[in-house]
Amino acid sequence: MFTLNETVNTSVINGFEELITYHIVNTSLGAISTLVNTLLIVIFLSYRPFRTRYVLLILLNVGDLINSMAIVLTGLNRIELYSTAIRTMTLPVRTSIECAIEPWLILKLIGDILIPVSTFWMGVERLVAILFPIFYRFSVDGKAVKYLVVPGISLLFVFTSICVAFYLAFTENHLTSFYCGRKAAFGEGFGTFIYCCNITCNVASTIFATAAYFKALNLSKTQPRMQRQVNVIRYYLLISVLSTLLVSLPNTIALFQLYVEKVSDSLSKPAYWMQTINSGIHFFVYLALNKEFRARTFRMFKMVHSEEMSLSKKQSPEGCDTPLRGSAKTLTARTA
């Protein structure tokens with residue numbers, strides 16, 4: 001599997017069975033999340049009003065989909081790695097460059113940056129829409145700022161971060177952990193940057209969305225049309241809160257382990273499952289709190305079901321175009 005391996009004793013591979021179980025669970029969650037996000041992006045992109053209205057949600061969806069695929073590939077890689085180690089009593093010798101070019105790590109890197117950045121812009125957008133409604137209506141909503149500038153800045157930030165990561169990996173090439181990872185490939189400094197980016201963006205988005213929600217709620221008492229904004233902010237806020245709890249908290253634990261003290265696996269491993277769940281939960285948030293999204297989703301499933309029923313009615317068991325109708329007696333009478 002690898003070009004260079006080293007022989008190890010049983011003390012090194014002790015606990016690998018538990019790690020395999022952990023990654024089987026995480027890979028399964030990642031696979032479910034991938035399917036959910038694929039469905040979500042189909043719903044968003046197949047309906048023109050959604051394509052124009054939910055630009056940031058689509059950007060977040062893309063990040064979630066990439067991250068979910070990365071989780072599946074990471075899990076399969078680790079399961080194979082630990083299984084081979086148990087079977088052969090060997091571990092691969094890896095360098096930071098070898099780790100950096102792993103496809104699953106590159107995808108994970110994109111998701112780790114794009115998701116919190118998208119969440120951050122969602123909080124900013126809602127706050128601007130409530131505090132500066134005229135500016136938002138005439139300069140942001142439906143304009144290039146929303147469709148091109150914000151997504152462009154986000155993607156540029158992701159691209160720049162990846163370039164810095166690869167620069168660090170290639171200029172400071174060294175032997176590193178056999179299982180690879182962000183810190184192993186790009187260094188502890190860049191790993192810290194990823195942790196802080198997730199924590200800061202998610203917490204900031206939660207603060208912005210909370211401020212916008214209460215402001216809109218207060219305005220809705222005198223301006224009935226503001227109730228629509230309250231409904232929109234509600235699921236933006238829930239996404240921010242979930243990201244803070246399911247992503248920022250695990251990243252805080254990772255920072256604590258990096259600079260203070262190692263945390264028990266019984267706490268750290270489920271924390272990673274929480275991040276995986278967060279990437280697949282947004283579909284259900286929209287389904288619960290967005291009436292238009294819920295109606296569109298049910299309509300899509302109804303259309304698919306109707307097409308299947310239509311096709312089944314046009315086909316008969318013997319390859320006839322239309323099924324025979326009526327009882328045997330009726331058919332006999334007709335043919336007599």
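Buried means under 20% relative accessible area, exposed means over 50%, and partly exposed covers what lies in between. Keep that scale at hand while touring this predicted model.

**Stop one: the cysteines**

Start by selecting C196. At a relative accessible area of 33%, C196 is partly exposed. Its sulfur is 8.9 Å from the closest cysteine sulfur, which belongs to C197, and that is too far for a bond. C201 is buried, with a relative accessible area of 13%.

Which cysteines do form a disulfide? Select C99 and C180: their sulfur atoms are 1.9 Å apart. The disulfide count for the model is one. This pair links distant parts of the chain, 81 residues apart, with C99 in helix α5 (residues 96–100) and C180 in the loop between β4 (175–176) and α9 (182–186). Look along the S-S bond and you will find a torsion of about -70°, so the disulfide is left-handed. Both ends are buried: C99 has a relative accessible area of 0%, and C180 has 1%.

**Stop two: the annotated segments**

Next, colour the ranges that an unreviewed UniProt entry labels "transmembrane region": residues 20–47, 54–73, 113–136, 148–170, 190–214, 235–260 and 272–289. Residues 54–73 are 95% helix and 0% strand, with the end C-alpha atoms 29 Å apart. Residues 113–136 are 96% helix and 0% strand, and there the end C-alpha atoms are 26 Å apart.

**Stop three: the aromatic rings**

Show the Phe, Tyr and Trp side chains. How many aromatic pairs does the structure hold? There are 25. One of them joins F50 and Y54, a tilted pair at 5.2 Å centre to centre with 50° between the planes. F50 and Y54 are both buried.

**Last stop: charges over rings**

The charged end of R53 sits over the ring of Y54, 5.7 Å from the ring centre. Over at Y236, the charged end of R126 sits above the ring, 5.2 Å from its centre.

Conventions:
Residues numbered from 1 in each chain as written. Predicted model: local features only at pLDDT ≥ 70, side-chain atom pairs only at ≥ 80, totals over all residues. Heavy atoms only, no water. Phe/Tyr/Trp six-rings, centres within 6.5 Å; stacked < 30°, edge-to-face > 60°. Buried < 20%, exposed > 50% of the residue type's maximum accessible area, 1.4 Å probe, protein only. Lys NZ or Arg CZ within 6 Å of the ring centre and 35° of its normal. UniProt positions renumbered as here; feature names shortened; annotations may be inferred. Helix = DSSP H or I, 4+ residues; strand = E, 2+ residues; numbered from the N terminus. Disulfide = S-S within 2.5 Å.
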